[in-house]
Structures are given as structure tokens and as C-alpha cells.
Amino acid sequence: MSEATQHPHIDVKEFHPRAHEALHNPQIRQNFRKAMDGLMSKRKAAFEGWDLETLRELGANVRLRALANLPDLLEQLEQKLTENGIKVHWALDGDEACRIVRDICVARDAKTVIKGKSMVSEEMELNHFLEREGIEALESDLGEYIVQLANETPSHIIMPAIHKNTGEISELMHEKTGTDLSHDVEYLTAAARQQLREKFMNADVGVSGVNFAVAETGTLCLVENEGNGRMTTTVPRCHIAVTGIEKVVPNLEDVSALLALLTRSATGQHITTYFNMISGPRKADELDGPEEVHLVLVDNGRSSIYQDDELLDTLRCIRCGACMNHCPVYTRVGGHTYGTTYPGPIGKILMPHLIGLDEGRHLPSASSLCGACGEVCPVKIPIPDLLVRLRRESVDGDKLHPAKVRGHGSKRTPLEAAIWKCWSWMHSRPGLYRTGTRLASRFRKLQPGRAGAWTDFRTAPKLAGKTLHEQLRERGK
Amino acid sequence: MADPIKVYPSRPEKVYFFGTCLIDMFYPDAGMAGIQLLEREGIEVIFPQDQTCCGQPAFTSGYHDEARSVARAQLELFPEDWPIVVPSGSCGGMIRKHYPDLFKDTPDELKAAEVAGRVWELTDFLLNVCHVKLDDLGEPTTVAMHTSCSARREMGVAEVGPALLGQLNNVTLVEQVRAEECCGFGGTFAVRHPEISGAMVEEKVEALVDTGARAFVTTDCGCLMNINGFAEKNRHPIAGKHILSFLWERTNENKGGGL
């Protein structure tokens, strides 16, 4: 990965053409369907015997309580971490966070960075930034490693390379790293492990994410399966953790409920292979661990979400990915179609705040509001309600609720606004409605056989000869 | 935070019937079937002629002023404290779940919450309030069932349809794979994102056909229009009807047919 790579920036506005492409790509369709079916059944099995509703309620309350005290908790976290010897940095946006990471690297004369999986670093576009600064950043999570080899972005927040099957991964590794072509998953994994081990030993800095930051004890919790997170945070002499400001929880007890929900919701595991609790740099009498530990707390739009009592619920998210695993839209079009760091339902409610509703104007409407996401969310984020809220923002709010999300009003067109006004006018006048529907049923033979995009896939519904209103009036109702 | 626990009313003498605009214009037979099923239980059904639409299409499109004026026109139609039954999980869910939010901080706030609290999905009402006992008069047949997402998740009636069908001795209910997955209708979603919606309904139709059943029933006319429309256009050997039409046809002495 030493050659300079073009950053695979995807234009979020090109949602429909990408959806078209994905829907007509049998390999993509099959890869996602198979993977999502597997994840859904694993989750279901993992919660068997649990009182899931009570646990979700607990998880939601833990997150709500943390968010209610967010400013205080962040101050407490900073104080505790500082006492523990961890340096805390604050970044208003992704660029500032990147500059902080760079400055730490430069101060240490670091040339290579090894990374554990971190969606916030994806949000920051950290790899691309470091590369421009002459610092090599290598992903060590297997999925992220594959995505990086392919010069792509993650298509899922937990399983970044879920869009690829074994055959595709084998060819990619063969081409980029010289491994043999093989469908033997163990061989491929062992090969990647070997390649990564060398990098771990030589990396100057390790960058990781954080799942939960515990304010009371100043502990950074990291959930992972491959051991790469532990290596990233212990082998290099400097560890930089990056995370969103919403990840803080009051105390360690809160972690147990969220961890139980996270691993089961994400991968259907009762516990992950590794659970790291990082509470400071190497002490004088300790044999290993980094000399320096930093935490970069990234805002990047979160504090503006925090200002709104309803949108605030977006920040409850613990990044398990269950909403995308259960989303019928995500399953059909795959993660790359969204063109955003976070795809799927959580992406649709989070990304508009990060990139603006003008950039992400197709996101809130790309849902049938089926509610599967809200049903499985371990912290009970009312995702469908938030989608409707963002749809209102997209058409510039209403009389009671002036729009406030950045880029609001981007979906409002004079024609559509006029259509809804007309529709509303007719449906608020019962006499007019009855006359209109009666006339429509009388002249139903004139009903066109085509009805826009509807009839591209379906026949048009047929008007009945007599409306229910008429039939009941004749019955004397 | 938790979903409110359902407390069913005792069996009333009268109910209001909110027919929904799709049933009114496209599937009045389903509405008539629902009314006849209620009447057979000895319940008087009142149909306010001034009803139009619950306002959902504008609501989910983000046009909340427009949705609110249509919804407000429905609020005054149910003056007595009788239950309001709705032959749709989707429109029922709109009133029951979303009216309180839609009218929050308006002079109609209390009224909306009061009306919302009286709304029941019709099959749920038949099973759990009327405690209906169905006597199957039809020939042996096999059907699949598609419960709409709103019936399942907003109105919490996923168990109701199968329980009612289970009362019909000559009806075998088969379940399609991924039964709980959306059919791709989603109101304006189907026209805003036609290809994604098309891919969803395609898989739903395949799943239904794979059960071997040649007929299916559903709680909602949006899903019915979507699934039937796709099956018809692409000549798949399956056709559906509203569960109320099916239940009435199977148990009505004049006409023990049903599909």
C-alpha cells in the first residue's frame, strides 16, 4: 500500500444511478442478501432466552442518561483521563481531528501508522489526509485491510468488506500482495495476518477507535474480534484513540448493558474475542504498552444534533449495524450506494447532519418506513420517526416547526408543494372529496393504464365501480 | 419510552368505521366485508360520510401542514366515545401513533390524543374485543399471509391474522420466507425510489409463490396493490385479497367461496 492511492470519493448525490447499478449486479445482490440473512439469524439466536425488550429499554436509558449529562461527563472524562496520563484533544471537525493526529505523528517523527477499525477515522478521512502528509496509514482490521487494498470505502460499519465474497477477496489479495489464488478462508486469513504482523512491529503509531469512554474511571473500551485492536493499542510506542463526543458513559456498570447489547446485535456473539479496557500509558514497572496515549474527541456536527430534543436521539447509537442488517433497502442496494461514511438507516439519520440535507437529500426518502431498523435498534432509536422529521426538514419544515437542519428545504419544489396543497385542499372538504371520487369511479374506463414509475414494475390499481362511501349511503348509513 | 400496553375495550354496542381512502376508491369490497363481519357480531357500525383520508401520504412526505389540515377534518367525525375501527394497519397506525405528535402544541392536541386512543385495527378488534368464532364454509384451500409492516410494528397485530385464519378449518396457512420483510410499498417510496421498491416486491412475490399457495391475504391495501400489481404484470401465479374479504367470503352463508 505504499503507492499513492486516489481517494475513492463517492458523490452522495449520485444515489439513484448507483442503486440502479447495484440492483443489476447479481454478485452484489447475492453477497449482501446472504450476509444479511446470516447476521439476522445470528442476532436472533444470540438473544434467545433474554428479555430483549427489558434489555433494550435499559440500553436506551443508559444512553439517554449519558446524553442528558453529556457536557459534565465530557469534562469528567477529560479530568480522569488526564489523571491517568492520557492526553485529551478536542476537534471541532474532521479536518481539525486529522491535524491533531498529524501533529502528534510529526512530533514523534512517525512515518507509519497502524490502524484498528474506527468509523470516526473514516468520517475524518484520516488515511487520505495522512497519506498526503507523507505518513503511511495501514488498516489492520481484516475487512478494512481488504477495503484498503481495493482502494474502496467500507460498505458496512461492522463488516467493511461484506460486499465481497471469498473469490473476489482471493483475487484482490493475489493481485495486490502476491498470495495464491485460493478459496481457503484460513489460508487467506493467515496470509493477511502474516502481512500485518510485520507492519505492527514496525509501526510508529497505533490509531484506534473507542466503543465506550467511561467518565468515572477514565477508561477507553474497545470491542474487537481479531486482536488487531489490542496490538494497535499496545505494540506501537504511541497510541491515538479517536472517537465522537457522544461515546461517553458515566460509569463501568453502564458498559455491561451496552456491551451485552452491542455484540449480540452486531454479530450475534455473546462476547467478542477481545474486549480492551485502556486506562493509561505504560507505567514505570510495566513491561509493555505504549509510552504515550492520546484521545481525540471529535465533534463534527454532533453538538448541533445535540441542540435538538428530537434529533438528539440520533446520538444514542452504539454503532452495532443491526439497523442495516435488517434493512430491506440496504440489503438490496448495499452500502456503497449511499455514498456516505455511514450507510443504511443510521446513515440516513446521521449523515444529513454531517454533510447537510442538500448534499444528502436522497437519504431520508430512501426508506419504506417499514420500521425494521427501529425494532432491532438495541438503544431504541426511533429511526423511522427521525426519517419523517428529516423529510419535513427536506421540504423546509411546517408552520409549527421551522426547519433548522443544515441544507434544509433542498427537496422542496414548487410543483410538489402545489400538488400537496391541492391534495390537502380536496381531502379537507368532504363534499368535494365525495364528488371527486364518485366521478373518478364513474369514468374509471378512462383511467390510464400507465401511472409513472409505479407501472414500470406493476399494473395500475383499478378503481372500483362504486366507492365505499356510495355503497354505504345506498345502504342508508 | 416503552410502547404502551394495549388495553382492549369491552365489547361495545356501536363502533365508528374509518374506511381509508384506498379501500374507498379501490377495494370497497374489503370495507363492506369488514362492516358485515362486525355486524354479524351484533355491533352497529357507524360510517361518518364526511371522512376522507388519514393524511398519511403528506405526513410521510414531510408536508406536515397539509397532513394536519386533512387530519383535522377527521377529528370531529367521532363525537361519541365508541371505538374507531380501521381496516388497515397503516392508516390505523397513522391515527393511533402519529396523530398525537402531529397535533402536539396545537389547540387540537387533546382531541387528537383522545381519538388516537380509540383506534383499533379491525382484525385485532374482531379477535380480541369481539372474540369472534369463525365457522368455515369454504372448500379446502391453501393461503399465505403478508402482514403489513405497520400492522406488525405500529399496531402490534402480527399474531392476529394467523389466529383468525387458524379458526377456518379448511384453510391451510403457509408461511413464506422472510415473512416479516417489507413488500416495498412504503407509500410515496414506491414512486420516489421505483427500482428499489421494484426489487423488494419482486422478492416478496417470489417468496409467496415459493410457498406453493396460489393465493395470499393481507391486512393492508397498499401492500395488496403493490404485490398484486407486480404479480399480475409479470404473470406470477399468485393473487391476493384483503384478509377481511377472505374471512367474510369463507364464513358468509350466502357465498361460502373465498378465493
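Two residues are in contact if their C-beta atoms, placed from the backbone, lie within 7 Å. On that basis, 76% of the contacts in chain B between residues at least 6 apart in sequence join residues at least 24 apart. The model is a predicted one. In it, chain A gives 56 residues and chain B gives 54 residues to the contact between them.

**Chain B overall**

- Chain B holds 13 helices and 8 strands.
- Along the principal axes, the C-alpha atoms of chain B fill a box of roughly 55 × 45 × 35 Å.
- Of the 259 residues in chain B, 57% are buried.

**The parallel sheet of chain B**

- Four strands of chain B make an open sheet with parallel pairing, in the order β2-β1-β3-β4.
- At its edges are β2 (44–46) and β4 (119–121) of chain B, each of which pairs on one side only.
- From one strand to the next, the twist averages 40°.
- Strand β3 (residues 84–86) of chain B runs parallel to β4(B), and 3 bridges join the two.
- Within this pair, V119(B) of β4(B) is the residue that stands opposite I84(B).
- Helix α2 (residues 28–40) of chain B packs on the sheet and touches β1 (14–17), β2 and β3 of chain B.
- The direction of this helix makes about 145° with that of β2(B).

- On the chain A side, the elements that give two or more residues are α1 (15–23), α3 (52–68), α15 (328–333), α18 (383–394), α19 (414–427), α20 (430–442), α21 (454–457) and α22 (468–474) of chain A.
- By class, the side of chain A that touches chain B has 25 nonpolar, 16 polar and 15 charged residues.
- Two packed helices are described by the angle between their axes and the distance between the axes.
- For α19(A) and helix α4 (residues 64–75) of chain B, the angle is about 10° and the axes are 8 Å apart.
- Angles under 35 degrees count as roughly parallel, so α19(A) is roughly parallel to α4(B).
- The contact of α19(A) with α4(B) comprises 3 nonpolar, 3 polar and 2 charged residues.

**The mixed sheet of chain A**

- An open sheet of 4 strands in chain A has the order β8-β5-β6-β9, and its pairing is mixed.
- β8 (248–249) and β9 of chain A stand at the edges with a single partner strand each, so one side of each has no neighbour in the sheet.
- Strand β5 (residues 212–214) of chain A pairs with β6(A) in the antiparallel sense, over 3 bridges.
- V214(A) has T219(A) in β6(A) as its bridge partner.
- The hairpin of β5(A) and β6(A) has 4 residues between the strands, and in it G218(A) takes a positive phi near 65°.
- β6(A) also pairs in the antiparallel sense with strand β9 (residues 274–278) of chain A, over 5 bridges.
- Across that pairing, C221(A) stands opposite M277(A), and E224(A) stands opposite Y274(A).
- Helix α12 (residues 252–267) of chain A lies across β5, β6 and β8 of chain A and runs at about 15° to β6(A).

**Burial in chain A**

- Strand β6 (residues 219–224) of chain A is largely enclosed by the rest of the structure, because 6 of its 6 residues are buried.
- In a regular strand the side chains alternate between the two faces of the sheet.
- In β6(A), T219(A), C221(A) and V223(A) point one way and L220(A), L222(A) and E224(A) the other way, and all are buried.
- P26(A), which lies in helix α2 (residues 26–46) of chain A, counts as exposed because it has 8 C-beta neighbours inside 10 Å.
- P26(A) and L400(A) are 374 residues apart along the chain, and their C-alpha atoms are separated by 46 Å.

Technical notes. Residues are numbered from 1 along each chain as its sequence is written. Chains are lettered from A and ligands numbered from 1 in the order in which they are written. This is a predicted model: local features need pLDDT of at least 70, side-chain atom pairs count only at pLDDT 80 or more; totals for chains, interfaces and linings use all residues. Ala, Val, Leu, Ile, Met, Phe, Trp, Tyr, Cys and Pro count as nonpolar, Asp, Glu, Lys and Arg as charged, and the others, Gly among them, as polar. Two strands pair if DSSP finds at least two bridges between them. Axes are lines fitted to C-alpha atoms, for helices over the stretch in contact, and angles run from 0 to 180 degrees between N-to-C directions. Angles under 35 degrees count as roughly parallel, over 145 as roughly antiparallel, 65 to 115 as roughly perpendicular and the rest as oblique. A residue is buried if 20 or more other C-beta atoms lie within 10 Å of its own, exposed if 12 or fewer, and partly exposed in between; C-beta atoms are placed from the backbone.
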